[in-house]
Amino acid sequence: MLNLTHRPYRRLLLGLLTVGILSAICGLATNVRGAEKGDVAVVASTESPPYRMFEGGPPRGIFIDILETVLREANITSCYHVLPFKRCLAELKSGTADLFIGLFYRAEREEYVIYLQPTIAPSVTKVFYLNKGRARHIQKWEDLYRLRIGIRDGYKNHPDFDTDQRIQKFGVTTDEQNFHKLALDRIDAVLITEETGDFLIDKLGYAERFEPAPLQLETYNPAYIVMSRKSRLKPHIPALETAIAAIVANGTLEAIRQQYLRNR
């Protein structure tokens with residue numbers, strides 16, 4: 001018999017209970033939707049701070065708060081399926097999920113999702129973080145050639161950066177790993193999305209350790225709220241797009257973004 005007082009088993013039991021609770025909540029919402037109640041949206045989402053956060057509290061984050069604001073305006077309730085990114089796309093393809101927020105535009109994705117207009121994030125800014133006092137080491141492109149740059153495996157950064165073979169790039173599986181390596185001087189800089197970098201630096205207790213370099217990488221890579229082409233909520237698209245346009249125009253979207261940023 002398992003001794004559930006041992007820490008590993010307690011963690012396993014807690015994890016199973018958590019999954020069960022989440023499934024019950026989403027199962028209930030799916031049943032309502034199956035009864036053709038058009039005011040419940042199943043939202044596929046990843047855990048990706050500070051944009052989408054579910055651990056240790058209610059759904060929150062830059063993208064989640066934006067989506068909840070839009071859904072309230074359209075009188076729609078959310079139910080979240082927290083999944084790896086590829087499974088989120090699979091749920092959108094099958095119609096199991098109605099919505100996803102923060103999807104970058106790819107022409108091939110138009111086969112199974114509708115990109116709701118306008119964009120919620122027209123561009124992406126990537127920042128180089130260094131130990132304090134060393135930020136001046138990256139002021140122009142050529143400065144990158146003599147430094148060890150930590151990146152996230154599998155992520156695209158900027159076309160010029162990704163294809164420049166003269167830059168020493170060291171990939172890891174999590175952004176947290178890169179900041180720990182920077183603290184130990186195992187790399188010289190971390191390249192990361194600005195909002196994610198600010199959030200993690202605070203979370204990891206490195207607020208007094210790191211600072212951004214003058215050189216930043218910005219690309220036009222718009223992100224959107226998207227709807228599955230198989231969703232029953234398609235009649236709500238005009239209301240949703242009106243709500244998105246309103247929070248962009250009246251400053252609500254930017255105010256939400258600012259709440260999660262460290263120093264502005």
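Predicted model: local features only at pLDDT ≥ 70, side-chain atom pairs only at ≥ 80, totals over all residues.
View 1. A disulfide is a covalent bond between the sulfur atoms of two cysteines. The count of disulfides in this model is zero.

**View 2. Strand S9 and its pairing with strand S3.** Strand S9 covers residues 210-228, and strand S3 covers residues 99-104. The two run antiparallel and are joined by five bridges. Within this pairing, Leu103 has Tyr224 of S9 as its bridge partner.

**View 3. Strand S9 with strands S4 and S5.** Strand S4, residues 113-115, pairs with S9 in the antiparallel sense through three bridges. Tyr115 has Val226 in S9 as its bridge partner. Strand S5, residues 121-131, is also antiparallel to S9, and nine bridges link these two strands. Opposite Thr125 stands Glu218, a residue of S9. In a regular strand the side chains alternate between the two faces of the sheet.

**View 4. Thr69 in helix H2.** Helix H2 spans residues 62-73 and includes Thr69. The relative accessibility of Thr69 is 14%, so this residue counts as buried, since the cut-off for buried is under 20%. The Thr69 side chain reaches the backbone oxygen of Asp65 at 2.8 Å. Leaving aside residues up to four places away in sequence, Thr69 touches Ile247, Thr252 and Ile256.

Technical notes: Residues numbered from 1 in each chain as written. Heavy atoms only, no water. Disulfide = S-S within 2.5 Å. Pairing = 2+ DSSP bridges. Helix = DSSP H or I, 4+ residues; strand = E, 2+ residues; numbered from the N terminus. Buried < 20%, exposed > 50% of the residue type's maximum accessible area, 1.4 Å probe, protein only. Polar contact = N/O pair within 3.5 Å; in protein donor to acceptor, adjacent residues only side chain to side chain. Contact = heavy atoms within 4.5 Å.
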